[in-house]
Amino acid sequence: MGYSEKTARFLIESRMADAAAGNADALYDLGIAYSTGTNGVELDLIEAHKWFNLAALNGSEEGMMCRAEISYDMTAREIAEAQREARAWLRATEVRAA
């Protein structure tokens with residue numbers, strides 16, 4: 001039985017609140033979902049790099065390793081975009097936390 005769009009949305013939403021709080025496991029889980037295209041989430045290496053980068057910033061060694069691994073399959077432009085998106089996420093979650 002395949003995963004539906006509803007299942008993918010639930011996965012993302014259920015991990016997003018924890019990710020916004022800086023939970024490294026939630027950030028890593030989002031990276032895994034986007035890097036593998038599992039659980040109904042579309043494969044997106046830019047999005048995966050962003051989440052692995054954020055996980056690494058929050059102390060996840062696995063996030064650091066996965067970020068490095070997928071970087072081999074990305075262009076410099078894609079990595080730069082992922083880094084911009086990670087910085088934007090940090091700014092947005094800092095504003096909400098304040």
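Tutor: Happy to! A crossing is called left-handed if the near helix is turned anticlockwise from the far one by less than a right angle, and right-handed if clockwise. Helices here are DSSP runs (H or I, at least four residues), numbered from the N terminus. One caution before we look: this is a predicted model, in which local features need pLDDT of at least 70 and side-chain atom pairs count only at pLDDT 80 or more, while totals for chains, interfaces and linings use all residues. Residues are numbered from 1 along each chain as its sequence is written, and side-chain values use heavy atoms, with hydrogens and water left out.

Two packed helices are described by the angle between their axes and the distance between the axes. For helix 2 (residues 24-36) and helix 4 (residues 61-71), the axes come within 10 Å and cross at roughly 25 degrees. Those axes are lines fitted to C-alpha atoms over the stretch in contact, with angles running from 0 to 180 degrees between N-to-C directions. Helix 2 is therefore roughly parallel to helix 4; angles under 35 degrees count as roughly parallel, over 145 as roughly antiparallel, 65 to 115 as roughly perpendicular and the rest as oblique. The crossing of this pair, helix 2 and helix 4, is left-handed.

Which residues meet there? From helix 2 come Tyr28, Ile32 and Ser35, and they meet Glu62, Gly63, Cys66 and Ile70 of helix 4. Contact means heavy atoms within 4.5 Å. By type, the residues of this contact are four nonpolar, two polar and one charged. In that count, Tyr, Ile and Cys are among the nonpolar residues, Glu is among the charged ones, and Gly is taken as polar.

Now for the single residues. Met16 lies in helix 1 (residues 5-20) and is partly exposed, at 24% relative accessibility; buried means under 20% relative accessible area, exposed over 50%, and partly exposed in between (1.4 Å probe, protein chains only). Beyond its neighbours within four places in sequence, Met16 touches Leu30, Trp51 and Trp89. Lys50, in helix 3 (residues 45-57), is buried, with a relative accessible area of 8%. Its side chain makes a polar contact with the side chain of Glu47 at 3.0 Å; such a contact is a pair of N or O atoms within 3.5 Å, where, within protein, one must be able to donate a hydrogen and the other to accept it, and residues adjacent in sequence count only if both atoms are side-chain atoms.

Definitions and conventions
Helix = DSSP H or I, 4+ residues; strand = E, 2+ residues; numbered from the N terminus.
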